[in-house]
Amino acid sequence: MNIRDLLVENQTNPMGIDCLEPAFSWSFEESEVRSILQSAYRIMVSAKEENIHEGIGDIWDSGKVDSRRNINVLYKGQDLKSRKRYFWKVQVWDQLGNMTESRPACWEMGFLSQSDWKGKWIQQPINDSSTERPLPLFRHEFIVNKPIDRARLYICGLGQYELRLNGCKVDDRVLDPGWTHYDKACLYSVFDVTSQVNVSSNCIGVMLGNGFYNVTGGRYVKFKGSYGDPKCIVQLEIDYTDGTTEMIFSNTAWLTSPGPITFSCIYGGEDYDARLEQPGWDQPAYTLDESWQHAVEAPSPEGLLKSQKVSPLKIMKTFTASNFKEVKPNVYLVDLGQNFSGWVNLEVKGTAGSSVKITPAELLNPDGTANQTWTGSPYEFNYILKGEETEVWQPKFTYYGFRYLQIEGAVPLGDASEKESLPLLLSVEGEMIYPDLQVGGSFESSDELLNKTHEIINWAILSNMKSLFTDCPHREKLGWLEQVHLMGPAILYNYPVEPLFTKILEDIQDAQLDNGMVPTTAPEYVVFEEPWDIFRHSVSWGATYILVPWMMYQKYGNTRVLQEHYENMKRYVEFILERSENYIVKDGLGDWYDVGPEGPGFAQNTPVPLPETAMFYHIVQVLEQVSSLINRPDDATHYKKIGKEIKDAYNSLFFHPMTGQYATGSQAANAMSLALGLTEDVHKPKVLQNLLDDIHDRGFHTTSGDVAFRFVLLALSQNGRSDIIYRMTRNTDYPSYGYQIEHGATTLTEAWDGPTVGKSQNHFMLGHIEEWLYKDLAGLDYEFDQREEMYKFNFHPSFVKGLDFVRVTHELYTGKVRTEWVKVDQNKYKLLVQIPANGIGYIHLPSCSMETLKEAGYPALETVGVELDRYENGCAILRVSSGLYEFENIQVSMFKEEENEHPTIPNTF
């Protein structure tokens, strides 16, 4: 039982931890040995590295704790101190009493008090009211004259910053810090600059951008507003080998000058005049000119300074342009082949003062030029040359979603001889920006259309994963909340996003109104007033504040978020209760972007109160469970009663017992009622059959949208009808994923017919099928069992007709889990399952003879780690411990329906 990774707050050796009880987790290496279980652990923490090597936990020694828990174990030692580095390791015992010890790891605390900041907020002097001024540069020289032990630089630059030291960028992160409610929270980062500080003269340089802190307008904007002018606070702390410490921090002694970025807007693009560059400005011994003056102290933002816990944004992929098409005289179009979010990297050569304009776009006009109709126009990058041999440039404080680049003012090398007066375009690249995190999952099948669907969904997820989940990377860039809980399970299968979910919950907490309302976006930069206030208070959006903490509890064993947000979760439910009429929520957005004759937008098929009230019921049910979990029995009783009242009112208003239909009989109405437990057992078969009939009669297409499509999939999969879902994925006509792919989509689009109807070509809100690919088709489901203090995996694969194999992998904090099923012949399959150490699994197999079932070539029930647990719902359920298993001779009785026959409810699966 070997320990692989040690994590503090889900990060490896992090800096800037500012919570008083950090959470510890550790993972296990893969092993060929089966049935490995942790029986106990011991965590040791010390302020001295030598102590931890010797097994001395002078700051905290948990002692040997009989527990299987290996994730989110909260620190319970001495009070932690600001800026202090701590070392730790863990010992674990397996079920046989064998002990294994990890390698040491460490973490560093950030600032635990606002008074730890000695630096001052500074900005450039503002001599006029104009918003069209170049973005500022800041510099400060200092001297180090003795050996350094370590150096840490703390910085918050609003809206965004680039940090430089002695002529070099300190880190490769971009668009830092993450955006927030700046009147509630401002995020700072910590950098280890020990190797970058010279024992001689040094210079700190800071470039500032506007970001969402200062949206000035001037070109396209979704909204225009400002928390103030760009400003920064910097604090460098140097610990010397002689035991002394020196602090260098921002104040009015720092110098500032206008920089070469002459325009920058998160919505409108960025302009750069290379003639205004000041080479060496961020290095010591730079000769100052008259443009440099002392910075002035800036008013502090209202928000508290908090450590940024999410993975930093970086340039993660690069797309190189190769084919240039001249669509108009001196106007060239480049197709990068992939829709993504980011910016450009430009390499040009030409005379000083020449200007190159780049217009990014997702779509093209009929004449082949860039089309920004649906994504916010005008958005552009402009670069003015300084006239050197080769010039390379990329923006710094804005980004966009695009596939195509329209270039004006420069010519590719192939056309240079005919147009000698224009600069040469040596190269242009698209650089994709998203968080620097490891991919946590993979999906592959024998069906290329499914594989491509998986791909376009994940391109959209990554394109919209910044310091929050945006709806789109161009037109709005806002944190619309419904997609976080509706797509949350799909995201979790693919990426380790617990820190990002934590940050989103803090954004919601900061956005919540005094009356308990949770806005539909967080941070709430745009406030929708009457008569458009339905865009502000829809339940399916605010429900994220209840459902995401619950998801984090189930998938990560994180109880802390439930405790921290519980009272605010209650306030939100009480707000909805007060707004409801006899427990029915009357307005909201309903099933936004469903499929109807009017085109995508407002709900057309289902009365808005139905999904709003169904989601109200859902979050009350969850809050009842949360109340019980954290020992609030009176609250649990209260919410149980409310839940019953909502259910009774819902069925009284919407259900038609004679027909078995809810409201209009739409897929959304019937599916949400089934999936969320609002349908009484006696009526479930008829409601389900109505759903099946509607799907069949529409050629196996959905009519549901942003909110309800996930519940269509859940209603079908919960009732053993993944065969119907798979049939739906085969479509290539509208509405379907296949339609988007057939019409050229490289990311998931905003509307089901996005490539032809327009709208955003880079939205992940309809990607709910991704959850089904992992959870139901491959059959991988799991949760952290708080009572057993370990992961429990449920493998319930759907052996659907038409597929030859499906394989998935998923990385958890505890280790890798994977499953793969392969068709051997017409009705015979084999199944591979891998469970990480300290986990157990339950494998659901269609009823088959245990005498013929093989595992690794031997009778299954005679192999180590396998036992028959029970029979249930037509399945034999095997209990397996950790390890790798390969089952053979799985007999599957397939449904015999042809594609043109009506699907019916089977007696067994």
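The model is predicted, and local features need pLDDT of at least 70, side-chain atom pairs count only at pLDDT 80 or more, and totals for chains, interfaces and linings use all residues. Residues are numbered from 1 along each chain as its sequence is written, and side-chain values use heavy atoms, with hydrogens and water left out.

Helices (H or I, at least four residues) and strands (E, at least two) are DSSP runs numbered from the N terminus, and two strands pair if DSSP finds at least two bridges between them. Five bridges pair strand 38 with strand 43 (residues 805-812) in the antiparallel sense, and Glu444 stands opposite Arg807 of strand 43.

Elsewhere, an open sheet of six strands has the order 14-13-16-11-21-24 with antiparallel pairing. Its edge strands, strand 14 (168-169) and strand 24 (293-294), each pair on one side only. Strand 13 (residues 160-165) runs antiparallel to strand 14 and is joined to it by two bridges, and the partner of Arg164 in strand 14 is Lys169.

Thr398 sits in the loop between strand 34 (391-393) and strand 35 (400-408), and it counts as buried because its relative accessibility is 0%. Its side chain makes a polar contact of 2.9 Å with the side chain of Tyr379, where a polar contact is a pair of N or O atoms within 3.5 Å and, within protein, one must be able to donate a hydrogen and the other to accept it, while residues adjacent in sequence count only if both atoms are side-chain atoms. A polar atom of the Thr398 side chain also lies 2.9 Å from the backbone oxygen of Cys265.

| Site | Feature | Value |
|---|---|---|
| Ala522 and Pro523 | cis peptide bond | omega about -5 degrees |
| Glu530 and Pro531 | cis peptide bond | omega about 5 degrees |
| Asn631 | positive phi | about 65 degrees |
| Asn873 | positive phi | near 50 degrees |

Most residues other than glycine have a negative phi, and most peptide bonds are trans. Asn631 lies in the loop between helix 9 (609-629) and helix 10 (633-654) and is exposed, with a relative accessible area of 63%.

How values were computed: Buried means under 20% relative accessible area, exposed over 50%, partly exposed in between (1.4 Å probe, protein chains only).
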